[in-house]
Structure formats: structure tokens, C-alpha cells
Amino acid sequence: MLLKVESISKSYRRNGWLGGERHQVLREVSLEWKKGESLGIIGESGSGKSTLGRLLLGIEKPNQGSITWNGRPITDRRVRRGTISVVFQNYVSSIHPFYTVRQALLEPLKHVGGQLGTKDMTELLCQVGLDESYLNKYPHELSGGEAQRVCIARAVASVPQCILLDEAISSLDGSVQMQVLELLKQLKETYEMGYIFITHDIQAAAYLCDRIMFVRGGEIVETVETTQLRHVQTEYAKELLHKVLS
Amino acid sequence: MSLLEVEHIKIWDGRTGNVLIPDSSFQLSQGECLAIVGESGSGKSLTCKALMRLNRPEIRQSGRISLYGVDLASLSDKEMRRYRGRRMCMIMQNGMRAFDPSRPVGAFLLEVLSIHYDWSRSEMIASLSTAMISVGLKNFSVVMERYPHELSGGMLQRVMIALAIVMEPDVIIADEPTTALDAVTQYEVVEQFVHLRGRIGSAIVFVSHDLEVVRRIADDVLVMKDGVIVERGKTSKILNDASHSYTRFLVSSKEALRRYYMQLMEGTDVAKG
């Protein structure tokens, strides 16, 4: 197991860090992720999916439990550098507003080491459905979907082992969504890239993922292989799946 | 007479002279629901903001947008502000940025209501709480005390919809209202929109890229590509038998996902990969 999460819990203080009462976001969550696997995490809004994502990235620490990558703690920057990258839900705040798309794409490589010429960048942008004219644009000149595609290109640029996609394709429209899903599938085969795909879109998760995990109220309700999706046991998972079909 | 008439609007960037929307016209009659679909960057949000006069100052627009025959461009900023919210209500794509970050959601909502209505505090709270419960926000008092950053995107979206329910505007402009929501809430919110139409007869401009949602809610569909309206027609016609090749492409790419999912659920063998 490359990524191992052992019974983590996370709570936040309700009224800022001086507030008394704590709000439990995650309770005793454990999961494992193999190299090259794509794991879908599905849940309602407010179920703690995004918090789980931030903990997996090591940008926040759990109150209890541990998260290890290859046996080393994920909170260590050297461990995550170049191995795990991320595409966030909020595309507006994920690109530095003073950077052009070119600079944004090069930013992660500064830390990982590696080169990317204009030709490679153009190719990368083409794969996400943009063209080279975007290289010199600033984030505010991009529409929501375009900015999100730049974020995806940036995450792919350093060829990490795992990309965490936190609602990454929900703001894209149908045709581009499909294009990005195809791109992710293709990358998975060429580079053995794996994904942790946090989403509420069950259809997209079913398309991309090998395994799907249902989260509710900060707990994992059920984990199921995608091929066995029709045999889910819990009521909650059934309800979610049913809503999509109707 | 049409409720909302948009005639030959042209939108361009005042600094660079780039034309973003060359010429678009459409009408909306009372109680109608018009969906605008198109890929990102095709000018859907821009059109919505133009209707509300909310585009940034450097984005210029010309043409005529009239609500009940009143040209919106002729209104002063102050009059326009009275229109926004009461007559035309916009539900934004990004819930985080639509609320005042420095105050609890409740204080913000009450302020909006007190500007448009002379209700007492208890009346306002009563109507807000019914609206919030109807969009699936069960613990009303908790939501009211929270600051926007403490609520998830989906919850904020629902708060906005609840506010629209209370305001009962003539036109609701919903810019990707269900994008940030999960399947269950999305389903509930779309139901809310359907109810909203039945109850107060609001016309809805519904921007979405989710064709399933569009199929559920819209009477008419407008397809945009690169700022140009390529097709307009009845929902069933556009989604089943589109005449423009771009529309067919939009429909087919979403169908692929759906078909894969259906296969998975029905248990026929699916080739993995």
C-alpha cells in the first residue's frame, strides 16, 4: 500500500480557534490506496470529502490517527513533493493572480526539477482542450472552466504518482468533462498515474474509478469495486445511485 | 408581450476591443424557463451578468434589454439596485463570493429583505425559515449564525435559492446553480426550481452544462458557442434531435457517460479501460 490512512479524526472549533465547541468533521476514517489505482470518494456536500482531501495532501493535520505514504508521514514536505498533486474545487483561488498560464504551469516544476518547453506546454494545453494562445493569459481572463483546465494541466505537468481531484470536473461542461475524463484515463495507462477522485458526480466516478467509497457525515459508509456497483449494501449508497437513475 | 426582451446585445472588452458576444437576441415570456447551454467560455455567464448589469466596468455592452418594456440601460444605478433582487434575482455560480464574508449569513439575508420589504424581523425570519426548510436546510437557526466560509458551497447555493423563494422575483437568473451540489441535493434543488415556477410564476433563465438537469426543468433551450447563439428550440427537440452539429456533439458526449453508468448498473459486461 502506497498511501495508508489509519483511523483519522478531524474536528474544527466552531467559532474560530478560540471558540469552545468542536465540530467533528471526520470520524475514524481508514483507507488504503494502491499505486495506479483510481479511487472515487462520493458524498453529499458537507460530508467531509474536501476535508479528507486536505488531510491526504498533508496541508492539514488530523487530530488523531496517521496518514503515511510509503511508510513515511505525509505531512513531511519531501514526501509529497512530486509524488502527489492536486486540483481544487475552487479554481479562482488556485492560480496565482499575477502569474500567466505559462508561469502557473512551470511553478510546480521549480520544486520538483524538470523542464518544460513551449512545445510541451502547448501539447499539454491541447490535451485539456485549450491552445497556445492561452499561455500568456492571466487567470482573470479565463472563464471558470478554462481556469480549471489549466489547473488540471498543471497537476499533470510534473507527472506525479497520484493526483487528488477535489470536485475538479464539476465546473466543466459535459463535452469538456468527457474530454478531461478521457485524458485522465489515458494518462493512467501511459504513466501509471493514480487518482483520488472526490466528487458528487457518480456517473463520472463510475467512469474513471476502480473503487468507490461513499462518505456520509464524516464516516465511510461503504466501499465497493466499481464493477460491483449495482450490488451496494447500504441504504445510503442505494439512495444516491437511485437518484441518478431517475 | 414578452417579459424579458433582449435585442441585439453586443458585449465587448473596452480595453482591448475584443468582441465577446457579437449579436444576440432572445425573449422570455412569463413563467417560461429558458436554459442556456454551451461549453465554458462561450459567454453564458457574461450574458447573465449583462442582464443584471453586473459586468465589470471595462466590459461594455450595447443593445436593448427590457423588462416589462422598461429599458434596463436607462435606469440609474439606484433604480437598478431596486430591480436587482426584487424584480430580477440572480443565483451565482460561486456561492462563496456571493455573500458578505464579514458577517453571518443571517444578518446578510435580513438586510437584503429589509431593503426590499417593510416586514418586521419576526415576519422575515418566519418566511426565511420556511424557504430554507423547503430547500433542504433543516437546521435553520444554525445556518443563520454561520459565516459564509463555515458553510459548504452547496449549502450557500441553497441559501441563495431560499432567498429567491422569499423574494418572488419576476425573473430568476440562475447561473450554474446546481454545479456545486451533490446528486441528492441537486435533485432536490431542481425540484425546488420546478415548484418555484408553479408557485410564483417566475420566469427562469437557467444556465447549465448539465443536460440532465436541463431536460428536467427547461421548456426551451438556447445553445451558445463562442458567444453566438447557434440554436434555439424546445427542450425535447434540442436534446433528442438537434439540427446543429455542435449541439449534437454536446448531447452525445454526456450520453456516453450515462450509457456507461447504465451498463454498469444493469450488469451487462463492461470492458474496463
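Predicted model: local features only at pLDDT ≥ 70, side-chain atom pairs only at ≥ 80, totals over all residues.
Let me start with a term: two strands pair if DSSP finds at least two bridges between them.

Six strands of chain B form an open sheet, and the pairing is mixed. The order is β6-β7-β8-β3-β9-β10. At the edges sit β6, residues 88-91, and β10, residues 228-234, each pairing on one side only. From one strand to the next, the twist averages 15°.

Now look at one pair. Strand β9(B), residues 220-225, is joined to β10(B) by six bridges. The two run antiparallel. Within this pair, L222(B) stands opposite R232(B) of β10(B).

What lies across these strands? Helix α11 of chain B, residues 245-266.

Next, helix α5(B), residues 121-134. It has 14 residues. From first C-alpha to last, α5(B) reaches 20 Å, close to the 20 Å expected at 1.5 Å a residue.

Which residues of α5(B) are buried? M124(B), L128(B), S129(B), A131(B) and M132(B). They cover an arc of only 165° around the axis, so they sit on the same side of α5(B). The general rule: an α-helix has 3.6 residues a turn, so residues three or four places apart point the same way.

What covers that buried side? The cover includes α4 (105-116), α6 (140-145) and α7 (153-167) of chain B. Turn to the face pointing away, and you find exposed S122(B), T130(B) and I133(B).

One last stop. Just after α5(B), G136(B) takes a positive phi of about 90°.

Terms used. Residues numbered from 1 in each chain as written. Chains lettered and ligands numbered in written order. Heavy atoms only, no water. Helix = DSSP H or I, 4+ residues; strand = E, 2+ residues; numbered from the N terminus. Axes fitted to C-alpha atoms, helices over the stretch in contact; angles between N-to-C directions. Contact = heavy atoms within 4.5 Å. Expected span 1.5 Å × (residues − 1). Buried < 20%, exposed > 50% of the residue type's maximum accessible area, 1.4 Å probe, protein only. Arc of directions from axis to C-beta.
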